[in-house]
Amino acid sequence: MTMKRQLKEKLIEWFFLLNGILVILILGGIFILLLKNALPAFREVSLKDFVISPIWNPDAYDKPTYGLLPMLVSSLMVTVGALIVAIPLGIGTAAYMSDVARPRVREIVKPLVEILAGIPSVVVGFLGIVLVGPFITHLTGARNGLNALNGSILLAVMALPTIISLSEDALASVPRAYEEASLALGANKWQTVVRVKIPAAASGILAACMLGMGRAIGETMTVLMATGNAAAFPNSFLGPVKTMTSTIAIELGEVAYYTTHFYMLFAVGLILFIITFIINVISDIVFHKHTRAQL
Amino acid sequence: MRSVIKLGMAVAGVGLLATAASADMLQVKGSDTIINLVQKEAEVYMQQNAGAKISVTGGGSGTGIAALINKKCAIANSSRAINAKEVESATSSGVAPSRIVIAIDGLSVVVNGSNPLNKLTMDQIGKIFRGEIQNWSEVGGSNMPINLYGRQSNSGTYGFFREMVLKGEYSSKMNTMNGNSQIVEAVKADPSGIGYIGVGYAKNASGVTILDVAMGQNGSYKSPLDKAAVEAGQYPIARPLYQYVNGTPTGAIKDFLSFELSEQGQRIVEEEGFYPISAEYKEANAKFGL
């Protein structure tokens, strides 16, 4: 009997181990695939040109150029813009949900936030075209609403659920004793939340924001639809930008296979992979610091 | 990264669908400029031929031609001629693309309805889209910077316009839009905008002005809506719209192509805002038994 149970235990153990290994294999496989398809690009284009060339125009009339920089800056612009909008909103909502809202309200708001995460990106992009774009032109007098600001706002909406629910978890895991001590010392509710709870949950909140950032920088459809996609070096939030993700999505469909352009798109994908990987690793480290600090 | 996986999954999914459906369904893929036209042709054709199944999808001329080469579709819609690189890659995968002309398009240049301008020369349009002319006052408009709206690089219209009008590089400040309708919407909303679209889209668009275009300064300005001018080749940016097939068309493919070129098919071409093909193209099509 015990033998049988032990065997069962072992089998389950192996099953989970196998799952874990599989995920690592997939991740490693994607990295190797990207690397293998990206490296041939640099046989014809030097790494230096890739980094400093001011324009990405693989389909040029005269001579193709492969410049990463305008896309990289575009991607970072919309991502940072999104975080500027999403972080205060997200932390505010999280604090409201964990400390202010009555349980009944909280029960309603929390699932709603999670539903927000489930909206397909193409729908968000559509809203960018028909709603946010015209609103931006109306508000700022910009001549076209498809620009970096539009992308930032949409990405903020998409990053919000991640930031809210993880920040809320972090706030909720702050020991109750902290709150009680603060209130006992005469601090009011606002002071307790802002000066005690949020600092105590800071690393968890930071991890939430990093994950939100990872979500934003890798998003494709939404930015493709809402940012105008001009190849020029971006110069303002009210001008069009073309991000790394949109470039890959637009061009991979028509590129001739195994050409420099094809390999170059993989090189861009590799850069994107490395960026999101670093962001995720950092947020993971920060997050673990947070959970350890709690114990 | 997440998006790369997503894209990969989408591509794989589309591939699976294509192979699953290709058994009895005629796959037509490519140009977004003629997708509406071919869809309409397919609809009428399927009404008349019970049992015929045709699926028409877009994605751009380059996408269609790539699909034909990869044997993922039977007919590739294209608003530009196949280029040397594509011919080379077709040959190496054993595909011999045959070109059939199904309609004529007067590529239309549009500006916002509030713009007093109503005509430009080819040279001026080229300079505007190359970014050499950046203010409307330089071409007789009001003092306003010009905002460019064009297509993305997988569009045949993007390629054709560059070859025919720009003969050089697009300004890197040009907004690249997803399709004809998006350009119409953008130009409609932007008083300083200018864009190029297929005449089929221009005809029904409100809030934009379709410019008359002249070859040179002393040439006569013609509208893409002027049927006689387009058919006589007097409108400078008229272009044939193509379908590419592998080899000489036979069976269901030939049947559908013949329908498109028939009197009824060409009437649909006109209803969709394009122009029927001239005798010269009819002769070229006859080489493939059509």
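Me: What makes B:Lys167 count as exposed?

Reply: The model is predicted, so local features need pLDDT of at least 70 and side-chain atom pairs count only at pLDDT 80 or more, while totals for chains, interfaces and linings use all residues. Residues are numbered from 1 along each chain as its sequence is written, with chains lettered from A and ligands numbered from 1 in the order in which they are written. A residue is buried if 20 or more other C-beta atoms lie within 10 Å of its own, exposed if 12 or fewer, and partly exposed in between, with C-beta atoms placed from the backbone. B:Lys167 has 11 C-beta neighbours inside 10 Å and therefore counts as exposed.

Me: Why is B:Lys71 called partly exposed?

Reply: B:Lys71 has 15 other C-beta atoms within 10 Å, and is therefore partly exposed.

Me: Where do B:Lys71 and B:Lys167 lie, and what is phi of each?

Reply: Helices (H or I, at least four residues) and strands (E, at least two) are DSSP runs, numbered from the N terminus. B:Lys71 lies in the loop between helix 3 (61-69) and strand 3 (75-78) of chain B, and its phi is near 60 degrees, a positive value in a residue other than glycine. B:Lys167 is in the loop between helix 6 (156-166) and strand 8 (175-177) of chain B, with a positive phi near 50 degrees, again in a residue other than glycine.

Me: What makes A:Ala159 a member of the largest nonpolar core?

Reply: A nonpolar core is a set of buried Ala, Val, Leu, Ile, Met, Phe, Trp, Tyr and Cys residues joined through C-beta atoms within 7 Å. A:Ala159 belongs to the largest such core, of 151 residues, and is among the members that touch the most others. Helix 6 (residues 148-172) of chain A gives the most to this core, with 15 residues.

Me: Which residues is A:Ala159 in contact with, leaving aside its neighbours within four places in sequence?

Reply: Contact requires C-beta atoms, placed from the backbone, to lie within 7 Å. On that basis A:Ala159 is in contact with A:Ala82, A:Ala86, A:Gly212, A:Arg215 and A:Ala216.

Me: How many residues do chain B and chain A give to their contact?

Reply: Chain B gives 28 residues and chain A gives 30. On the side of chain B, helix 1 (2-21) provides the largest share, 4 residues.

How values were computed:
Two residues are in contact if their C-beta atoms, placed from the backbone, lie within 7 Å.
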